[in-house]
Structure formats: structure tokens, C-alpha cells
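Hello,

Here is the structure I promised to pass on. Please open it alongside this note.

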Amino acid sequence: MSSDTLKTASITNRLAALGSERWAVHFDARKRVAAGEDIIELTIGEPDIPTPTHLIDVADRSMRAGRTGYSGGKGEPEFLKAVADKYATRSGRAITRDNVISFPGTQAAVSMAMLALVESGDAVLVPDPFYATYEGVVRATGADFVTVPMSIENGFRLTVEQLEASHVPNARVLLLNSPHNPTGSVLEADEIAAIGEFCIRHNIWIISDEVYESLIYRRTFASPFDQKVLADRTIVVSSISKSHAAPGFRAGWAVGPVEFMSQLQSVAESFLFGSQPFIADMTTHALVHPDDTAQRISTAYQQRIDLLLNCFQGCEKLRALPPDAGMFMLVDVSGTGQDGAAFARNLLDQGVAVMPGDVFGNQANALIRISLTVADDQLQRAANRLVRFANSCGPDA
Ligand SMILES: Cc1ncc(COP(=O)(O)O)c(C=O)c1O
């Protein structure tokens, strides 16, 4: 049989345009940098602060001590306890190992949880703008990806009115992300309570992606999981990728109601067959012995936000949208006469790589996303180039 008759599954078509194509500007920039071009990369969200050496030491010691075998499907007992304790302290409720499963990063946790909750015929509500991988996470399951347009006017804070306007009868899950990527907005407890009432009214689960929990500059973190009436319909997914500058360790988890977690365990075991004990040891250490990594990242990124705001101040064509949290700042570039995609493409020729907003949904078409993850002097140079380019755009240039 010739290879062109071999069939693949429909998931490959559903996801075909949702993978690396979304990162085209980033990969293009990488190629051009490798070819010797002077391009400053402000694209992806990788902390520029190194992973703390004490965590690397724990992983190293653990590997040398032989913690390199298989783990159970749920994860290592000490790790599960450390995660359970974190959420027990946060929520004030009794959370045990039965509420927790280990995953290699938030990305795997959100994907597995989604797969365990929805399928073809169901719909998932996703506030727009959204984290770029969410569309693939939903479409992989066969469920409909239903966006809930948020508004730049209220700082992209999800409201019940917006949810009601986009609600469809087959909606089964709300994919919530606060602190939010790419907007940096943080929902407060009363806003989450109102959103939760909507979910109760329509019998909807909440997957709460809280990976930026510890990188907040303004406002107070709140989670639906910490509100008793929402706890039985909420699954938290998170990791130490951002809080401990350790994305390469792929150290994450899901926390949720016991009955659902045992269903999720079967899915996790089929796909992942457990996790790595030495990563579990390192993650347990990170959770049990808090350090100042998140604080150092937050302080550095806050200064970089101020640096950008100062630089953009005199430029009428750029409207910066300062974040409450996270590793990014959005900028409205519509004043240049270009949308975010065209602006990002053209800016690359001026030596700066940023993410075009449309990658994050229709509501971000007019925007670009700037990553705060490069050193101040680099960021200053990039911002100068960006302003120079913006001023050269448009009819009155
Ligand atoms: C909102 C959001 N969720 C999940 C992830 C992935 O996190 P992890 O490294 O834990 O898989 C990211 C990474 O940038 C993110 O921004």
C-alpha cells in the first residue's frame, strides 16, 4: 500500500493550523538571529531569571539517589501532599492527596482535564483574548471552541454579561485564566463569585489556569477553587514554570473534586504513565521551602513595565495597556494604521520580534504583545526601535 493511502485521524486536521504556525514571528526571528541579524526577541514567556540552584541541586541529588524509576499514576506521595497542603492553606478547606494529580506542566494538566470533561457535541467557553494554545486544547477533544469576547474598555476583565451573551446550550466548561495571559488582568473574588454563579446556573465546569498566581503587581489573587460553592465544579491547573523560573522541568499539577480526579487519573495514566520522581522531589522542595524567585521576577518585570510606559509616553500612535500581573504587556498599535499582525511583521524588519495580537484571538487584532523577559538595556533598545517605527507609520508620518 502506498503511503498516500494511509489515513490519519481528524484531530490532525483540527489542530493543523493551531500549532507552530501561531509562533511564526518567533521562529522567523530565531532563524534571523541565528543568521546573524540584530533582532531583540520579545516574543515568548520564558523567565530570564535562572532556575534557583537549590532546586537544581535537589533534582541532581535525587537522580543520584536513584529516584529515576517509574512513579505511580497520580504522582509521588510527598509531592501530592505538598500540593494538597498548598491548596488546603489557600482555601481553608481539607484538601488531600486524593484531590491532586501530577502533570508535566500546566499545559498537560489543562489538556488532560479538558479531554476528561468534553467531547464532540459539547462546547467550551473561552474568554477572548486567550492563551494561544487554548484553541488546540479544546479542539483536540472535538468540542466546539466558543469565544467570549472581552473588552479593552474595562481592561479585559471577564463579566457575566459577556458570558451570557456568548453562552450556548451545549457549553460544559469555562476555561478561566486569572492572572490572564496575554492581557495581565487579575479577577478579584467578587468578580469570580459572579462568574461562578453563571457557571452554577448553566451547570458548567470551571478549569482555572493559575500558572501566574505568584506574579501579581496590583490587585489580589482569587480562585474559584477557594470559594466553597464553586469547589465541586472547579479544577485548578498550575505549575512552578513561572513561580520558580523552571519551565523546562515541566513540573505541574491539577487539583479538583475527588470523584473527578479519580476519573482524570485513568486519562492521565493512559497518556503519561506517571511522572518523574526526581522532578517531583524538586517540585515538593519548591512548594515546601518558599523562596524569593517570584518576588524577584515581579520586581524586575514591574520596573520593565515602567521602562516601557516611559518610553511610549510621548508616542501618540501607541497605547500601552499596563498589566496587573504576568510577564507581558499589550500595546494597541491601531494608531499606526496597521493591525497587530502587520505591525509585528514589519517591526521584525526593524530588529524587534513581538507577538501579533491575533494569535490570542479576535479581540487582540489591534494589539501586539511584548514579553518582559529581556534585560532592561535590551528592552530599552527594543522600545526605542518600536517607537521610532510607530512614528514612521501612518498618514501623518
Ligand atoms: C496561561 C498559560 N497557561 C499555561 C502555560 C504553560 O505553562 P506550563 O509551563 O506549566 O505548562 C502558559 C505558558 O506560558 C501560560 O501562559
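Below is what turned up, from the overall fold to the ligand.

This is a predicted model: local features need pLDDT of at least 70, side-chain atom pairs count only at pLDDT 80 or more, and totals for chains, interfaces and linings use all residues. Residues are numbered from 1 along each chain as its sequence is written.

Overall fold. The protein has 397 residues and a radius of gyration of 21 Å, which agrees with the value near 21 Å for a compact globule of that length. That radius is taken over C-alpha atoms, and the globule rule is 2.2 Å times the number of residues to the power 0.38. There are 13 helices and 12 strands, taken as DSSP runs (helices H or I, at least four residues; strands E, at least two) and numbered from the N terminus.

Domains. An automatic or database assignment sets the bounds. Domain 1 covers 9-50 + 293-392, and domain 2 covers 69-288. Their C-alpha centres lie 25 Å apart. In the interface, 31 residues of domain 1 contact 30 of domain 2 (C-beta atoms, placed from the backbone, within 7 Å). Helix 11 gives the most to the domain 1 side, with 5 residues. By class, that side has 17 nonpolar, 9 polar and 5 charged residues. Here Ala, Val, Leu, Ile, Met, Phe, Trp, Tyr, Cys and Pro count as nonpolar, Asp, Glu, Lys and Arg as charged, and the others, Gly among them, as polar.

Ligand. The shell has 3 nonpolar, 9 polar and 1 charged residues. Of the 13 residues around the ligand, Gly105, Thr106, Gln107, Ser239 and Ser241 come nearest (a residue is near if its C-beta atom, placed from the backbone, lies within 6 Å).

Best wishes

Definitions and conventions. Contact = placed C-beta atoms within 7 Å.
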